[in-house]
Number of protein chains: 2
Amino acid sequence: MAEKRNGRQTVKIMNPVSIVSSASIVGPKEGQGPLRMYFDEIIEDELWGEKSWEKAESKLLRETFAKILNKGKKTPDEISYIIAGDLLNQCISAHFGLRESGIPVFGIYGACSTMTESMSLGAMLVDGGFADNVVCITSSHFCSAEKQFRFPLELGSQRPPTAQWTVTGAGGVMLSNQGTGPYIRYVTTGKIVDMGIKDANNMGGAMAPAAVDTIMTHFEDTGLQPEYYDLILTGDLGAVGSRICEELLADQGYDIKERFNDCGLMIYDRKKQDAHAGGSGCGCSATVFASYVYSEIQKGNLNNVLFIATGALLSTTSAQQGESIPCIAHAVSISRDFD
Amino acid sequence: MAEKRNGRQTVKIMNPVSIVSSASIVGPKEGQGPLRMYFDEIIEDELWGEKSWEKAESKLLRETFAKILNKGKKTPDEISYIIAGDLLNQCISAHFGLRESGIPVFGIYGACSTMTESMSLGAMLVDGGFADNVVCITSSHFCSAEKQFRFPLELGSQRPPTAQWTVTGAGGVMLSNQGTGPYIRYVTTGKIVDMGIKDANNMGGAMAPAAVDTIMTHFEDTGLQPEYYDLILTGDLGAVGSRICEELLADQGYDIKERFNDCGLMIYDRKKQDAHAGGSGCGCSATVFASYVYSEIQKGNLNNVLFIATGALLSTTSAQQGESIPCIAHAVSISRDFD
């Protein structure tokens, strides 16, 4: 078996791969939420001076990329790869946002699992000696997502309570073979899980089994127990999905209650802000991790974090053709110390 | 600098990473073309017993995946990762086609550069000791692509001579740390190149500068000369793009004429088959490589091949908003011998 493999879906990162910088830019609604102090920038309106929501989303990603470089004190020449993707058809936010970068790009698509998919690939490329510095970045935008996936905003369609609110924001990190942590220690890559759920207004419920599958596999592959982690953080299961996730894991003998949170529950004040079941979108886990969570690890308030972004791999076409929703979740294990 | 990096965009694969099997399934039109003897299966009609073109495309990918496993004599348990993507919104062909595989999946999006993007990532994951066997696979479908990107087929819209014909087909390979070649020796990852071309009916012309950029960078990074290769094979530049590519490279002092071909020019008989400027789509380079080219390397008729799939990273939304077309090209260098 390949030397770095631990069990069926996990690899151990053998060399120190540090997360040396992170950045996030969010929309006005996210900027009114409980994490507002942790974001690098809050834009004033959802167009940000652009002519379309798609162009605004590209700008979010482009400007966040620039901040990641600045904060990591690197020039574009020093970046071996960018690994990026987003929710828009053909991933135009990422590709248009990075077209002037002059840096080799791997485009990925993992729906809202994009942040940890890119960190997984990035960690392996750095660990394997293929890259010095890799930027992992993604974005989403409430208006461009609603327009593409649901209804015209102007229609004012009512949403069921299980629906989640797509985060307007871009977030990302720089991984490096230099640096002093936090370190990516394990990568557990998800398989596609489809439990037959067809309700595109309950993506959290659809994604929960994929998160459970990856989290359980992570514990089995590594021999670690939930207690090892200060925080087990899912991407965007929201209120419905995170409850299902916690219950399903408890049924399997993994009690994560004390250390479990979900980016979709953290980004909005669900009592004061109208976000239904919570945040979603690639930008949800990306901005929450790149702001508050990264900062808490750096301060030493969190030592070991299991970060599991979750993606619902449907399209409007698949939904219209009556298909169920295949989902995926990718986990990265992050530690303050390399030991 | 990271140990395996050669220059700005290239890594050298240090351990033997073999392409141990390949498979391709194509549509009826491709099955009437000059490579018909090399495909594993030719389907009789574009629905292949499914209720939609999208479901047929997923089936193409799923069945091709099964053939890659069979021909490589591996069970799903032995596959560390699948790296897959396609052209459909949210990559539903790949994700639905692989949802029963039970194997960790990295979804990627590189438009028609997907085949070499997946081989690039796969080669690094195997070389780095993260994976034993990786399946790299992609698909496209003329009908689902026309429906999504252009006009309803029923409309019978006329197409300009520069337009290319999206290949109906899926192709892929299995990479392994065991095996006796052919080997992936270098990976040159493209940066995004946008020369301002806005004509979505001339994608070959738009993509040619990206191919030129990656090919030139490959020679600069490795110190190799065009003469090293028996075949320099672009993905789907077609008649217009491949002429531009050859001319731009000649202007820069690289004469590739004697050893240059393009998958888009190889898959159809352009005199007898109505395919305008040639084939395109993720499935074009994937099926041509996985059939004829792989077979010629195995027979010893080709020793060293530079394979550069090219992608146009536009969407219908970006085109409608007047944006130009960002493009990318990823190259893998493949050799019969590991020396």
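Let me start with the domains of chain A, where the assignment gives domain 1, covering 5-176, and domain 2, covering 184-335; please keep in mind throughout that this is a predicted model. Taken over C-alpha atoms, the centres of these two domains of chain A are separated by 17 Å, and the contact between them takes 57 residues from domain 1 and 62 residues from domain 2.

If we look at the side of domain 1 of chain A that touches domain 2, several elements give two or more residues to it, including strand S3 (18-26), helix H4 (142-149) and strand S9 (169-176) of chain A. Which element gives the most to this side? It is H3(A), with 8 residues. By residue kind, this side of domain 1 of chain A divides into 27 nonpolar, 23 polar and 7 charged residues.

Now to the two chains, where 56 residues of chain B are in contact with 56 residues of chain A. On the side of chain B that touches chain A, the elements giving two or more residues include strand S5 (81-86), helix H2 (92-97) and helix H9 (316-320) of chain B, while the largest share, 5 residues, comes from H3(B). The residues on this side of chain B divide into 26 nonpolar, 19 polar and 11 charged.

Finally, how are the copies related?

Terms used:
Residues numbered from 1 in each chain as written. Chains lettered and ligands numbered in written order. Predicted model: local features only at pLDDT ≥ 70, side-chain atom pairs only at ≥ 80, totals over all residues. Contact = placed C-beta atoms within 7 Å. Helix = DSSP H or I, 4+ residues; strand = E, 2+ residues; numbered from the N terminus. Nonpolar A, V, L, I, M, F, W, Y, C, P; charged D, E, K, R; others polar. Domains from an automatic or database assignment.
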